[in-house]
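Please work through each task with the structure at hand before reading its solution.

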Amino acid sequence: MRKTITIFVVVAVTCLLTWKFVQSDSHEQPASDMDESQVIVAEYKWNDDTHQISLADLNAAIAELPVYRQQNYKSRADKAEYLEELIEERLKILRAADERFDKLTEHLKKLDDYTHQLMVEKLTEMEVDAKVVYTTDDLMAHYQANLSEYIEDEKVRAICITLDDEDLAHETLDAIKAGKDIVEMAKELSEAGKLANGPGSSDPEDPGNTYFFTKSASARWTEFIEAVFAQEVGEMTDAVFEVDVNDETFYLIFRKEEHQPERQKEFDEVKSDIERTVERTKKRERINEWVAEISEKGKLKTYAENIPTPPQPEEAETEESEQ
């Protein structure tokens, strides 16, 4: 911290830095009549040069932020807070330029690399993205050829009471067999804080409801899952169902509520997924075609035989020992 403060003081004193917020009544002016480029919200001096930040500059800087961050700078106070960050960043850049860091070879190399990357991205947009075309018929053809990929697994839903107290589990089952509704029992146990962490305990607003799940829903609760799938709708466990999970023993009482069989998803349900798949496939095809085109135009030749074979580990050890 001391080092940071010292550097700031040196920068401020050595470069005779001053900056100020310029208060303006222009915010009272209707937004539609305001020329934001003429509204100066800050100015500062650096090496005798005066720099200004307009309202247009500030709003443009905020607009370049990720959307989730832009939401933080809606009010006047929030924008004033970001203005301080913007000024700080610009002052750091000026200070770095004074040290000629903008002339460092390694920085210029990185700048070239980044420029080349942007150039290739732009070229790819033109040669690949803009040339990839597909129709609804293409999507439907992919769907028909890959029906097995768009199968919804069978699902079940149950009302389950999960407990970690064996005596309480048997008392609960006896009460249900005597006429107590399993849903009401789940609510009472939940309100009393007696439900254990397991099937049916995830939603305190609807205790006991497991919601729909598939056979592969959880490796830890495989025994319970298989038991529910084996039941008939409306069937309830005759005895307390005991399950060991991670060295803990749980006692379950459950009733199967619903069963949804495996089904073929309709085209409209998976159209967006198919579109992404088809688009990726066509882009790969276009990239391969494009690479072939530029390779032919550049009269590409490769001489893989000129690449030396790396020494085997034992050969490398021998060379090191000789050295």
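**Exercise 1.** Classify Asp-113 as buried, partly exposed or exposed, and describe its salt bridge in this predicted model.

*Solution.* Step 1: the relative accessible area of Asp-113 is 37%. Step 2: buried requires under 20% and exposed over 50%, so Asp-113 is partly exposed. Step 3: the side chain of Asp-113 meets that of Lys-109 in a salt bridge, with an N to O distance of 2.9 Å. Step 4: Lys-109 is likewise partly exposed, at 49% relative accessibility. Step 5: both residues belong to helix H5 (residues 105-127) and lie four residues apart, about one turn of the helix. An α-helix has 3.6 residues a turn, so residues three or four places apart point the same way.

**Exercise 2.** Determine how far apart the closest N and O atoms are in the salt bridge of Glu-125 with Lys-122, and classify both residues by accessibility.

*Solution.* Step 1: the closest N and O atoms of this pair are 3.8 Å apart. Step 2: the cut-off for a salt bridge is 4 Å, so the pair qualifies. Step 3: Glu-125 is partly exposed at 41% relative accessibility, while Lys-122 is exposed at 57%. Step 4: both lie in helix H5, three residues apart.

**Exercise 3.** Describe the course of helix H10 (residues 267-297) and the placement of its residues.

*Solution.* Step 1: H10 has 31 residues and spans 42 Å from its first C-alpha to its last, close to the expected 45 Å. Step 2: the helix bends by about 40° at Asp-273. Step 3: its buried residues are Phe-267, Val-270, Ile-274, Val-278, Arg-286 and Trp-290. Step 4: Arg-286 also takes part in a network of salt bridges with Glu-127, Lys-131, Glu-289 and Glu-293. Step 5: Ile-294 of H10 is partly exposed at 45%. Together with Ile-287 and Val-291, Ile-294 forms a nonpolar surface patch with about 220 Å² of accessible area.

Terms used
Residues are numbered from 1 along each chain as its sequence is written. This is a predicted model: local features need pLDDT of at least 70, side-chain atom pairs count only at pLDDT 80 or more; totals for chains, interfaces and linings use all residues. Side-chain values use heavy atoms; hydrogens and water are left out. Patches are made of residues with over 30% relative accessible area and no salt bridge: like charges are joined within 9 Å, nonpolar side chains (Val, Leu, Ile, Met, Phe, Trp, Tyr) within 5 Å. Accessible areas come from the Shrake-Rupley method with a 1.4 Å probe; for residues, only the protein chains shown count as cover. Helices (H or I, at least four residues) and strands (E, at least two) are DSSP runs, numbered from the N terminus. Buried means under 20% relative accessible area, exposed over 50%, partly exposed in between (1.4 Å probe, protein chains only). The expected span of a helix is 1.5 Å times one less than its number of residues. The bend at a residue is the angle between axes fitted to the seven residues ending there and the seven starting there.
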